[in-house]
2 protein chains.
Amino acid sequence: MRREADLGERQGRRFFFRNGTMDFDAGWVLGYSQLGGLAPGEVFECLNAIKDGDPDSWVQAFAAMAQRQEDAALNDTTSPSGNRFLAAAVAARAAWHLVDPGSDAAHRLHDQLERCFQASLAASESALAALEIPTSVGALPGYASAPIDQPCTAAATWYVVIGGGDTFREDLYFFGGARALQEGYEVLLVDLPGQGSTPYRGLHFGEPTVVALREILMGLRDNWPSARIVLTGFSGGGYFTLKAIDDPATAARIRLDALVASTPVTDIALLLQRGMPKILARRPYGLASRVATLVAGRMSKAMHRAIAKYQWQFGTDWIGGIIPLAAAAGVVEASNLDVPLLALVGVSEPAEADRQAREVFAEIAARQPASRMVNFERWTGADAHCQVNNLGLAQDTAMSWLADVLGPPRQAMAVRARGDGGWAT
Amino acid sequence: MRREADLGERQGRRFFFRNGTMDFDAGWVLGYSQLGGLAPGEVFECLNAIKDGDPDSWVQAFAAMAQRQEDAALNDTTSPSGNRFLAAAVAARAAWHLVDPGSDAAHRLHDQLERCFQASLAASESALAALEIPTSVGALPGYASAPIDQPCTAAATWYVVIGGGDTFREDLYFFGGARALQEGYEVLLVDLPGQGSTPYRGLHFGEPTVVALREILMGLRDNWPSARIVLTGFSGGGYFTLKAIDDPATAARIRLDALVASTPVTDIALLLQRGMPKILARRPYGLASRVATLVAGRMSKAMHRAIAKYQWQFGTDWIGGIIPLAAAAGVVEASNLDVPLLALVGVSEPAEADRQAREVFAEIAARQPASRMVNFERWTGADAHCQVNNLGLAQDTAMSWLADVLGPPRQAMAVRARGDGGWAT
């Protein structure tokens with residue numbers, strides 16, 4: 001259940017799954033069962049069909065589950081369709097995780113993810129609605145509980161969720177979106193360039209990721225001058241959210257009220273470099289690394305699939321190339337950060353992530369004493385990367401801290417027509 | 001994750017837990033994580049510490065988790081205490097499951113279960129409050145969301161949950177109690193003679209179990225003449241609930257509005273006899289069976305512990321003796337049953353349970369066409385006994401059927417002072 005300290009080892013062990021130990025991906029899918037979608041019994045029905053080290057068996061098991069869930073949502077009248085559609089979305093999402101992103105199967109799974117997730121929102125009369133968010137680097141897919149492109153003077157509290165290298169906007173529902181809505185926040189979930197399906201649009205990780213996030217936050221603030229804005233970032237989002245507000249002029253315009261990051265990191269290129277198997281990250285990037293990639297690809301089908309996905313997200317044909325691309329977005333200027341921070345850190349995080357989190361937390365806490373760092377021990381079951389093995393505890397912790405720092409959240413009920421599966425514009 | 005068809009084999013394989021397959025007890029605890037308490041990561045933190053076939057290692061792992069959770073609930077201010085206390089209760093309950101029920105450790109774990117569960121109710125401002133329910137066979141421990149011992153003319157809808165041979169009143173919270181409260185029902189959870197901690201009071205399974213349930217339901221109806229009453233039974237409760245209303249005079253006085261049973265069975269003695277290893281159940285009950293028990297006890301520590309618990313619940317020193325004691329309560333007179341029934345049946349149930357459920361369902365459905373039988377296939381993850389591997393789906397199914405049959409539930413808000421952790425009397 002714990003994320004391995006070394007990214008390469010983690011990927012190489014994606015299917016190390018026996019006698020009670022669990023790999024990160026399996027633990028992640030199981031972790032979602034706390035919050036809806038697939039139940040533990042359904043997750044194990046899939047996991048029991050998987051062959052260690054064979055990503056195709058993973059894809060087949062979860063794709064079949066997605067189809068059964070969607071069929072049941074459409075045809076089985078013995079239970080409400082809302083959670084069946086959500087289960088189908090989770091299963092399609094899990095299947096996509098280890099598919100070749102350029103394949104037809106990947107496109108079909110992605111369509112199913114969006115179709116079923118949105119059907120679930122409609123069936124459960126959620127206030128969340130899908131939207132396209134225009135930015136200077138391209139339009140981005142998101143979900144929001146109220147319009148963000150129209151002026152509103154309501155004193156609402158916005159809860160913005162940003163993911164990392166392995167998230168779709170639908171994942172952000174599980175990383176706090178659903179909980180925040182339930183607690184009374186207005187919610188915005190968005191895939192930045194490189195995230196979710198955006199590489200299908202020709203958008204990739206790098207500087208545009210940060211540019212887009214800054215524009216979205218400035219736009220939200222401009223339209224909602226009286227709102228409070230909480231920004232939350234998970235995995236790579238722990239870097240993007242910090243980077244978005246490390247420019248004083250931008251930060252002054254956004255006027256962020258609180259930041260939650262798991263894990264807050266300041267140098268994503270260094271993190272990737274230290275996490276990647278040494279031969280792949282070797283400088284200068286050259287033939288040796290390219291050969292090593294091919295070797296590594298033969299060593300583990302699952303690792304090969306993961307590498308293909310990261311290359312696709314960064315718009316490169318070479319895994320070593322993601323490091324300079326990540327570096328292009330820049331190191332976070334920690335001395336410019338001035339907003340209360342809740343830093344969530346699992347003890348099973350890579351050592352470098354832990355080091356950067358402690359450093360940036362100390363810097364911010366000196367200026368913002370309401371800041372807190374919570375280190376999740378192994379026994380809490382929240383020690384994995386992004387607390388995927390106990391999302392409930394991470395969200396309990398965030399909600400508790402936000403209530404202390406900001407008081408109770410507010411929703412702008414007046415601007416929304418509830419009950420139609422979305423908001424009126 | 002599936003319950004073995006043979007009770008003996010199931011018990012013998014309690015710790016068969018490798019490479020993705022799960023035994024029933026582990027699946028049960030994991031199943032609760034859908035509904036609160038221990039998260040998947042916390043459950044696996046315990047399971048990873050367990051040695052196959054060694055019940056003491058199970059007890060130690062969950063007891064240690066219970067203590068850590070209770071300490072955190074009392075001392076850790078970074079998250080709300082409500083779910084921490086609930087997690088402590090679930091862990092203490094899981095530990096108790098394989099402890100010698102007569103030991104000091106069992107008493108300490110039971111005290112911790114009650115203390116932490118009730119602290120969780122208080123912390124979350126639940127309407128549920130602990131109560132003692134007087135009956136002619138003794139006082140019984142329960143939880144209720146409104147007083148049941150005082151007259152009330154409110155048109156509330158009561159949701160009564162009855163468990164089986166492996167449930168405490170706190171388990172009933174997970175078997176529908178929490179969900180029903182959330183959906184707008186008044187909720188009553190009760191341990192009948194033989195269930196939960198009642199053997200500590202000298203109460204055991206048998207005829208008194210049925211007598212007590214009849215009295216409680218008659219008392220509820222007498223005090224709440226305008227209420228609708230939904231009776232739900234899980235595991236052995238699938239028998240007790242049917243037996244409680246198979247006497248026409250009693251049924252006429254209770255005026256039950258709907259019955260949900262997983263699994264509805266009519267002959268518990270036959271079910272036990274067919275499920276027990278043949279040598280233990282051999283008639284006449286004699287020396288051969290007694291010797292076989294000792295042998296079986298040596299064969300598997302976990303089975304030995306399970307046998308000790310069942311003997312304790314039936315008030316006998318011999319496992320074979322539970323069959324005539326179960327038989328004493330009598331076979332259900334199915335021809336007298338006349339209330340809409342939702343029969344929940346997992347495909348991994350023992351064949352005899354499935355057979356009895358189909359038979360009694362056919363009988364009732366002929367008189368009550370609103371009745372439904374839902375058979376949960378393996379892929380639904382709800383195929384295990386009592387749907388422990390997908391409690392959410394079972395509860396979705398029950399709530400959906402009840403809404404069709406009875407319309408929306410009602411709570412008697414006026415008689416309750418909410419927000420004080422219980423109801424005012």
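Residues are numbered from 1 along each chain as its sequence is written, and chains are lettered from A in the order in which they are written. Because the model is predicted, local features need pLDDT of at least 70 and side-chain atom pairs count only at pLDDT 80 or more, whereas totals for chains, interfaces and linings use all residues; side-chain values use heavy atoms, with hydrogens and water left out.

Chain A contains 17 helices and eight strands, where helices (H or I, at least four residues) and strands (E, at least two) are DSSP runs numbered from the N terminus. Chain A has 425 residues, of which 65% are buried; buried denotes under 20% relative accessible area, exposed over 50%, and partly exposed the range in between (1.4 Å probe, protein chains only). Of the contacts in chain A with a separation of 6 or more, 75% are between residues 24 or more positions apart, a contact being heavy atoms within 4.5 Å.

The same surface serves both copies, since 100% of the contact residues of chain B recur in chain A.

In chain B, eight strands form an open sheet with mixed pairing, in the order E1-E2-E4-E3-E5-E6-E7-E8. Strands count as paired if DSSP finds at least two bridges between them. Strand E1 (129-133) and strand E8 (372-376) of chain B stand at the edges; each has a single partner strand, so one side of each is left without a neighbour in the sheet. Neighbouring strands of the sheet are turned by 20° against each other on average, direction ignored. Within the sheet, strand E6 (residues 258-262) and strand E7 (residues 341-346) of chain B pair in the parallel sense over three bridges, and Leu259(B) has Leu341(B) in E7(B) as its bridge partner.

H16(B) lies across E7 and E8 of chain B and runs at about 155° to E8(B). Axes are lines fitted to C-alpha atoms, for helices over the stretch in contact, and angles run from 0 to 180 degrees between N-to-C directions. Val360(B) is located in helix H16 (residues 351-367) of chain B and is buried, with a relative accessible area of 2%. Apart from neighbours within four places in sequence, Val360(B) contacts Leu242(B), Pro264(B), Thr266(B), Ala334(B) and Leu337(B). Its C-alpha atom is 7.3 Å from that of Val265(B), 95 residues apart along the chain.

Helix H8 (residues 207-223) of chain B comprises 17 residues and reaches 25 Å from its first C-alpha to its last, close to the expected 24 Å. The expected span is 1.5 Å times one less than the number of residues. Buried residues of H8(B) include Thr209(B), Val210(B), Leu213(B), Ile216(B), Leu217(B) and Leu220(B), and also Arg214(B) and Arg221(B).

Several loop residues were also examined. Ala127(B), in the loop between helix H6 (104-123) and E1 of chain B, is buried at 5% relative accessibility. The peptide bond from Ser262(A) to Thr263(A) is cis, with omega near 0°, and Thr263(A) lies in the loop between strand E6 (258-262) and helix H11 (268-275) of chain A. In chain B, a cis peptide bond joins Ser262(B) and Thr263(B), with omega about 0°; Thr263(B) is in the loop between E6 and helix H11 (268-275) of chain B.

Positive phi values in residues other than glycine occur at Ser235(A), near 55°, and at Arg255(A), near 50°. Ser235(A) is placed in the loop between strand E5 (228-234) and helix H9 (237-244) of chain A and is partly exposed, at 23% relative accessibility. Arg255(A) is found in the loop between helix H10 (248-254) and E6 of chain A, and is partly exposed at 44%.
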